[in-house]
Amino acid sequence: MKSLYVFCFAIAFAFQSFAQNTSALKQYDLKKKRLLIQSASMYLYNANQGAIDVDSAVVIVCKAYKLPLSLACDEGFNDGKPLIGNDLIHNGTIDSAKKLLAKSRNEDRLKLLLQLSNFYLFKPGSRPEDLKNAKIYIDEAVSVSNQLKIKKWQNQSLLLLGKFYYQANNQAEGNKLFLKVIEDCRKQKDQLGLAQALDAYGTLLFNLDPQKEKILEEAVSLYASLGMEEKRIENYMKITTIYFWGGKINEAKKRLYQNLVDLRKIGFKHQQFAETTITFIELGQHNIPTALYYALKSVKRMEAEKDYTFGDIFYTRLGDVYNTYGHNEEALELYKKSIKIGQKTLDTGTWYKSFIGAVSALSIKKKDKEALAYINSVTADYPPKSIFDKMLVAYARANCYGSLKKYDLAEKYFIEMDSYARQLNAPETFREVTHCYASMAYFYSFINDAQKAKFYADKVFALSKIHKKPYNSEIFQYSLYKIDSLNGNYLGALEHYRNVKKLSDSTSGINKNKQIDELKIDYETASKEQKIKLLNDQDKLQKSELQKSKLLNSVSIWSLILLLVIIALLFNRYRLKQRNHAKLELKEKEIHQKNLNLTHLLEEKEWLLKEIHHRVKNNLQTVISLLNSQSAYLDNDMALHAIKNSQHRIHSMSLIHQKLYNSENISTINMPNYIKELAEYLKESFSLGQRIRFEIKIDPLELDVAHAVPIGLILNEAITNSIKYAFPDEKTGMIYITLETKAENKYSLIIADNGIGFDANLNNAKPNSFGMMLIKGLSDDLAANLKIENNNGTIIKIEFSHEFPLNQKRK
């Protein structure tokens, strides 16, 4: 029964919760980080043999290497530059990302929609609410990309929609979208877009789909022509996976060796995933030196980089090599290392293959009772979760009881193992399931039950035919030998016995064991040399530290002396500074007192100016009142008219002085406020109501009194003129007032109405001639350019300049 237990199970996976970014990872650019995610997750998904989905494998890798999950799916729109909302989504603050989406527009909105779509679409598992949310954002992304009419974004949105349909198990609809994008890219001769579309489509097709290899080969060719080596290697690896699961093992092995060459060329350090897969293939083909070489190489790479991420895989693989070829003690130590790492992960239970390997090593050393106790203790704390692991545990128990000659218990657990094996029909579990049935056939042949032995041997043949993969092992050939012997077919039995000897010689020959020992010695020698080198380095470091210590003592003494000298100089400087400081304080007090006096004088001056403006305003108001009183004794309309006009002119000046004494700034007038108040006053004086309305547009300017007074009088004359003459017979109309900056220190004042206009043939003798003369005179005072136009009403334009820039409106 011992030879029965020498078997090779497929790849286990786990990641360390304490995994750290290696120095190699820190040096990787965005393209190499993406290659790491893809190569590691591809390996984990295939190695796990269907226990997890692709998205979960990606999540594990990103978490293990502390890389953003978005890197695995945002190549179409993330080129490494700052990406809107990326940090929010990476940190899991999705509500904040949604709030940002509401404020985003155009391409920023589209990029954020694509990120939110990816977040929900590629979550581990397939929860309906996640797919529903993904569809909402993808549909909006398609809509926005169509509005932008940018082909790149339209293609990216449709590719994402195609991936959604694959996730929703609607491959037919997904295929239509992928093929549409592929066809559009061919028509547009968009090589990059075509490569990305082929890549996305080919990745989602099943490994056994005949179109998958063809599509990925074209993607490889396109990426090569574009110089995108990392993407070429990634798609090359996907084709290697097709060969691996399609039974083309030798072709897959050749491609894995080429893959190692390609990775070295681009400086990609994480070659251990390819190396451990080569170990698996070479071990299955009984090429012990090569299998051991690559198993040791992957472990040395891991230990040298101190990157124990997925370390249980590499220790398990090396343990499988040792266990298969009889070095069971070394194998047991490696399995224990693997289990120790695996049990520190999120308890996925996928380190069970290391645990089963450890049981195997104990059983081969005739410690079956200890192996059974080990199985019971581990499964009590970590019960198997997947069907695959349950099959392995039942298999291990059956073999231990068989070795202890408790055949009834062995048969019980073989039958339990069979119940689990019947549920596993994927190509990824073919090797392990067929090996279990081969072991079952061996068990029944061992206890001379030829009928049952043949039944399970036929299952092995049937599975090989279904999956189109050959299976052969020493225990299977031995089962066939026993079956033929028990049935009297001695010629067939002899042929099978010869096959048993061939397989036995290939695994246990003297030369093979010698090669193992030589490789082990090389590995152990390298490890010892590394330790010696480390000790020598430590010795040199200690000597260097001693010399540094002596130098430090000398430096410390001289530094102390220098410090004392510096302290003495500083103290002297301090005394001088104190004396100077006292003198400066006296001068500062004098200056402060003078500043107080000047401030007081300035405040008195401002108060006096305000008082003057107040008195002037009051005097002007008194004049207005006197004129108003005088008008009560006049019957002459011309005189009353003249007095009324004078009152308006005086009010325009009075308003300026009122503004000055009410304002903090007593030197300038806020023109928007002043002009609006003047217009309002005139409107009320003439009781216009809504018959004549004003439209006022004044730039936020402030003018001094010398400019404000003439402008106020001009406005008074022009507005009064429009009110009186522009709209006869109680007609309605508009008066427009504009004061704006035309250029630096150049300003324009326009007073216009939409009334009847004026007669250009009339001379200055008309009734309003004094007002017009006043406007011309005031314009001359401002050194302004005066224009009076007749265009659908009267337009008065005054352009003037200022020798100093006018102050903008005070905040």
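Predicted model: local features only at pLDDT ≥ 70, side-chain atom pairs only at ≥ 80, totals over all residues.
Residues are numbered from 1 along each chain as its sequence is written, and side-chain values use heavy atoms, with hydrogens and water left out.

Let's start with the big picture. The protein has 30 helices and eight strands, where helices (H or I, at least four residues) and strands (E, at least two) are DSSP runs numbered from the N terminus. Of its 811 residues, 48% are buried; buried here means under 20% relative accessible area, exposed means over 50%, and partly exposed is what lies in between, with a 1.4 Å probe and protein chains only. Take the contacts (heavy atoms within 4.5 Å) between residues at least 6 apart in sequence, and 67% of them join residues at least 24 apart.

Now for the sheet. Five strands make up an open sheet with mixed pairing, in the order S2-S4-S5-S7-S6; two strands pair if DSSP finds at least two bridges between them. Strand S2 (692-698) and S6 sit at the edges with a single partner strand each, so one side of each has no neighbour in the sheet. From one strand to the next, the twist averages 10°; angles like this run from 0 to 180 degrees between N-to-C directions, with axes being lines fitted to C-alpha atoms, for helices over the stretch in contact.

Follow the antiparallel pairs across. S4 and S5 are joined by eight bridges, and alanine 743 faces lysine 746 in S5. These two strands form a hairpin with two residues between them, and asparagine 745 in that turn has a positive phi of about 65°. Strand S5 (residues 746-753) then runs antiparallel to S7 over seven bridges, with leucine 749 partnered by isoleucine 798 in S7. Six of the eight residues of S5 are buried, so this strand is largely enclosed by the rest of the structure. Next, strand S6 (residues 785-790) pairs with strand S7 (residues 794-801) in the antiparallel sense through six bridges, and isoleucine 788 has isoleucine 796 of S7 as its bridge partner. The S6 and S7 hairpin has three residues between the strands, and asparagine 792 there takes a positive phi near 55°.

Helix H28 (residues 671-685) lies across S2 and strand S4 (733-743), at about 170° to S2. Helix H29 (residues 705-726) packs on the sheet and touches S2, S4, S5 and S7, its direction making about 20° with that of S5.

The structure holds 26 aromatic pairs, meaning rings of Phe, Tyr and Trp (its six-membered ring) with centres within 6.5 Å; planes under 30 degrees apart count as stacked, over 60 as edge-to-face and the rest as tilted. Tyrosine 120 and tyrosine 137 have ring centres 6.0 Å apart and planes at 5°, so this pair is stacked. Tyrosine 120 belongs to helix H6 and tyrosine 137 to helix H7, 17 residues apart, and both are buried. Elsewhere, one aromatic cluster includes Tyr407, Phe414, Tyr437 and Tyr497.

Most residues other than glycine have a negative phi. Lysine 149, however, has a positive phi of about 55°, in the loop between H7 and H8; at 69% relative accessibility, this lysine counts as exposed. Lysine 366 has a positive phi near 60° and lies in the loop between helix H18 (352-364) and helix H19 (368-381). Lysine 366 counts as exposed, at 69% relative accessibility.
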